[in-house]
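Subject: Structure for your files

Hello,

Here is the structure you are taking over. Please open it alongside this message; my notes follow below it.

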Amino acid sequence: MENTSTADTFFTRRLAQKGQPLIIAGPCSAESEEQVLTVARALKAAGQADMYRAGIWKPRTKPGGFEGRGTAALPWLQAARAETGLPMAIEVATPKHVEDALKHGIDVLWIGARTTVNPFAVQELADALAGTNTPVMVKNPVNPDLALWAGAIERLERAGIRDLAAIHRGFSTFAPSRYRNAPTWAIPIELKTRYPELPLINDPSHIGGKRDLLLPIAQKALDLDYDGLIIETHPDPDHALSDAAQQVTPARLQELLSELKYRYRSSDNVDYRNKAEELRQKMDTADHEILEMLARRMALIQELAEYKKENNVKILQLERWQEIFKTRPEWGNKLNINDKFVGELYKLIHIESIRLQTEILNGRPIDGPGPLGPGL
Ligand code: PEP
Ligand code: MN
């Protein structure tokens, strides 16, 4: 992976130097000096990790679980750093954590998902970090809210923190899912679109919650042009004091990294370039046709709305739309198009249809112009 970022920060410098995704590894929690050192030595020997991670204050959903070793673990990380030279990263949630971490020479701090949700807490951290030049990684908030994630990053930027990166660790959902935290890839992709210079790191451990999901999630992240991976690594994962199901041994981490396919942003192969260009031109033509077709559908909606107005008929015709939501995905299926995608597409078309009809029946729009505006 080439890094084309022009920003000069702790993370982009390392990325440019390595020319490949950054690998951050280490246990979910620092449990003992021996455990911290065993993992650090194995990572150092394998030579693929760029940074060491370990939690020493663990946010737990319910009280009574293992809440981390706290400040007692900081000297263990110092020892691991002295022996391996790996930069150390830990999670901080309060200004006191920041103070203790910096006193012990911790190189990089991260803000956890449960802290990113709280602008007061993030602001306190930003104030504590102001003037320290500490590199900070900001995990996405537990809820799928891009503005909250971006807001946390901005609070740090405003405090003068320049060495920033984002970590995508997935989002809590109520619905049962194969993931521990739903990746909802559209959110990190939108973050990347808004902040192209900000390194984006994927956390397949917390997204997957299970060892066998690490590889497919990490592969997808690399294919989406992420800048790094943070993967929980433990000498004896099954007996880990936190997140046992998702941690892997350093040896398994090595295998996993070698199983990943590292692809390029583009190719120098002229045949590839010509073919890609030809296909993209055909897609441009197809897009014109899609839009012309949509314009035709919108014109029909408009015509129908005029008739509804004349005949004093309501806009929402539930049965008609239930029929559409049933049949269109089926039609799509027959054409080899993903039925869920077709369903989503028709939800958007319905919202736009209602907006357009409201405008015609009532003379003026009550909401913004887009189908995703407030209300309909
Ligand atoms: C962690 O990285 O160990 C952790 C607690 O992560 P998150 O904040 O993503 O839950
Ligand atoms: Mn964890």
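Strand S1 (residues 22-26) and strand S2 (residues 51-53) run parallel and are joined by 2 bridges. Within this pair, Ala-25 stands opposite Tyr-52 of S2. Please keep in mind that this is a predicted model.

The S1-S2 pair is part of a closed barrel of 8 strands, in the order S1-S2-S3-S4-S5-S6-S7-S8, with parallel pairing. From one strand to the next the twist averages 30°. Helix H3 (residues 74-84) lies across S2 and strand S3 (88-92). The angle at which H3 runs to S3 is about 155°.

On domains: the assignment for the protein gives domain 1 as residues 10-259 and domain 2 as residues 270-362. Taken over C-alpha atoms, the centres of domain 1 and domain 2 are separated by 41 Å.

Next, the pockets. The largest pocket has a volume of about 580 Å³, and 17 residues line it. Lying nearest its centre are Ile-290, Met-293, Leu-345, Tyr-346 and Ile-349. Which helices supply at least two residues each of this lining? They are helix H12 (270-311), helix H13 (318-334) and helix H14 (339-362). H12 gives the largest share, with 7 residues. Sorted by class, the lining of the largest pocket holds 12 nonpolar residues, 1 polar residue and 4 charged residues.

The second largest pocket contains about 310 Å³ of space. Its lining is made of 19 residues, and those nearest the centre are Pro-59, Arg-60, Arg-114, Arg-180 and Asp-243. By class, the lining of the second largest pocket divides into 10 charged, 5 polar and 4 nonpolar residues.

Regards

Definitions and conventions. Residues numbered from 1 in each chain as written. Chains lettered and ligands numbered in written order. Predicted model: local features only at pLDDT ≥ 70, side-chain atom pairs only at ≥ 80, totals over all residues. Heavy atoms only, no water. 1 Å grid on protein atoms, 1.4 Å probe; cavity = no way out; pocket = protein on both sides within 12 Å on 5 of 7 lines; lining within 4 Å. Points joined across faces, edges and corners; volume = space filled by probe spheres on them. Helix = DSSP H or I, 4+ residues; strand = E, 2+ residues; numbered from the N terminus. Nonpolar A, V, L, I, M, F, W, Y, C, P; charged D, E, K, R; others polar. Pairing = 2+ DSSP bridges. Axes fitted to C-alpha atoms, helices over the stretch in contact; angles between N-to-C directions. Contact = heavy atoms within 4.5 Å. Domains from an automatic or database assignment.
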